[in-house]
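Hi,

Here is the structure I promised to pass on. My notes follow below it; have a look whenever you get a moment.

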Amino acid sequence: EDHDVTEDHDGTEDHDVTEEREQPGQPDHTTLTTEEPQGTGVHEDIPPEESQQPVESPDVASSSAPSTTFAMAANLRGPKQPEGHRQPPVSKGRPPVSVVAPIAGGVGFVALVAALFVAWQILRCRRRQRDGGCPSPPAMPAKATKCIAETFGWPAGWIGSGDSSTAEPNSISEMNDIITDSLVPLPPYWATQDGVHIFPDPNRVNEIQQLMNDTWRVIFTRDRRLIAGDGRLPVGCRVASVLRIENHTGYDRYYKHKADITARRGSPGPGVEACEAFRTQTDDRLNLLDAECNEKYLFHGTNPEAAHAIARNLFRIDMAGSCRGCMFGPGIYLAENASKSDEYAKEGSGVYVGLCAMLVCRAVAGRVLSVETSADFSERITSGEYDSLCGDRLAAAGTFREMVFFHEQAVYPEFIVIYARIYGDT
């Protein structure tokens with residue numbers, strides 16, 4: 001290329017290209033000024049004074065190429081924006097999204113980990129309780145409610161500790177329901193987690209047979225004559241089968257009632273008396289129960305069909321007295337002697353011909369009111385003065401004692417015993 005260089009009045013140099021020849025081996029420098037590559041946006045990082053500097057080429061000095069300089073500066077600024085285009089406003093006083101997003105994500109992650117950890121601890125504790133390695137007595141809810149009161153500055157009596165005269169009637173039960181809702185430990189030998197299930201339990205046959213033999217007393221009573229309708233008196237029984245009842249709704253309400261009794265009787269005050277030990281002939285048999293609230297295993301005689309209905313629908317106070325009159329008021333009648341409950345048992349039909357049924361129930365006796373005369377004592381129990389009643393006909397007439405419960409949740413039927421009566425010469 002031949003260039004005629006003339007000096008302009010402003011001191012710059014103008015280039016007039018008079019002839020263009022293509023030399024072999026020579027690069028085509030004009031392409032640098034005629035083709036504009038797409039902008040990359042990197043112009044934001046280049047200071048203005050640096051972006052105006054000319055770009056030197058192999059054949060033309062930097063001081064003699066203003067057109068090349070302007071073209072390269074345009075390339076660095078990026079593609080030309082259409083008219084009316086506005087740059088997005090820059091927010092002032094707010095942290096950029098690149099800072100907020102990681103913080104929000106981190107907080108959410110920590111919350112998720114904490115929730116999973118709490119859930120894992122609850123499941124782990126329940127598993128240990130069922131295996132017997134982490135006992136959870138019913139007094140634990142009472143201690144938990146006291147801790148809650150201290151934390152939030154509530155009056156101690158409001159949840160059943162301290163001065164109970166300021167406690168509201170249902171506050172203890174409501175708080176215990178909340179605390180024990182997800183922490184009710186199931187018996188370790190249960191095989192299910194929810195619903196209602198009835199399973200054969202052959203391993204219990206010999207144990208329950210021995211319990212019924214030990215509590216069977218051959219005594220003829222008025223109830224035996226009125227219900228049986230004849231003078232026959234069984235001298236014993238033979239257990240045919242034992243069924244285990246896993247009714248989760250029934251056991252949950254039973255456990256919460258037991259926790260409520262333990263909490264109230266464990267913190268006596270004005271109008272609230274502590275539990276006194278109450279012994280029965282079934283103590284220390286079958287499974288280990290809670291002696292602090294006088295938890296017992298007791299018998300209830302019925303027929304096979306009714307036993308199945310009770311297992312699924314639980315006891316109902318409104319059905320009290322359907323078999324016989326209510327000597328001590330409308331309630332659930334249980335006995336410590338299998339022979340006493342047998343007075344109310346009846347033989348079944350179909351495959352149960354010649355067989356009777358008896359329920360072995362868990363029951364929370366709490367503070368027991370003992371009486372020797374018949375009357376309706378239900379109000380003294382439902383008022384909270386006592387938790388159950390003992391009709392002591394053993395002391396009055398030399399026969400049997402009956403336990404009466406006026407709260408449906410105080411009794412849980414755990415086993416159905418199918419048995420046959422044994423008659424002797426007597």
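Val113 sits in helix H4 (residues 97-130), where helices are DSSP runs of H or I with at least four residues, strands are E runs of at least two, and both are numbered from the N terminus. Val113 is partly exposed because its relative accessibility is 40% (buried is under 20% relative accessible area, exposed over 50%, partly exposed in between; 1.4 Å probe, protein chains only). Together with Phe109 and Val110, Val113 makes a nonpolar surface patch of about 300 Å² (patch residues have over 30% relative accessible area and no salt bridge, with nonpolar side chains joined within 5 Å and like charges within 9 Å).

Before you go further: this is a predicted model, with local features needing pLDDT of at least 70 and side-chain atom pairs pLDDT 80 or more, while totals for chains, interfaces and linings use all residues. Residues are numbered from 1 along each chain as its sequence is written, and side-chain values use heavy atoms, without hydrogens or water.

Asp387 lies in the loop between helix H12 (378-382) and strand E9 (388-392). Asp387 is buried, since its relative accessible area is 5%. Its side chain makes polar contacts with the side chains of Arg264 (3.2 Å) and Arg265 (3.0 Å) (N or O atoms within 3.5 Å; within protein, one able to donate a hydrogen and the other to accept it, and sequence-adjacent residues counting only if both atoms are side-chain atoms).

As for cysteines, the whole structure has zero disulfides (pairs of cysteine sulfur atoms within 2.5 Å). For Cys356, the nearest cysteine sulfur, that of Cys237, is 9.6 Å away. Cys356 is buried at 0% relative accessible area, and Cys390 is buried at 1%.

Best wishes

Definitions and conventions:
Areas by Shrake-Rupley, 256 points an atom, 1.4 Å probe, with all protein chains shown as cover. Salt bridge = Lys/Arg side-chain N within 4 Å of Asp/Glu carboxyl O.
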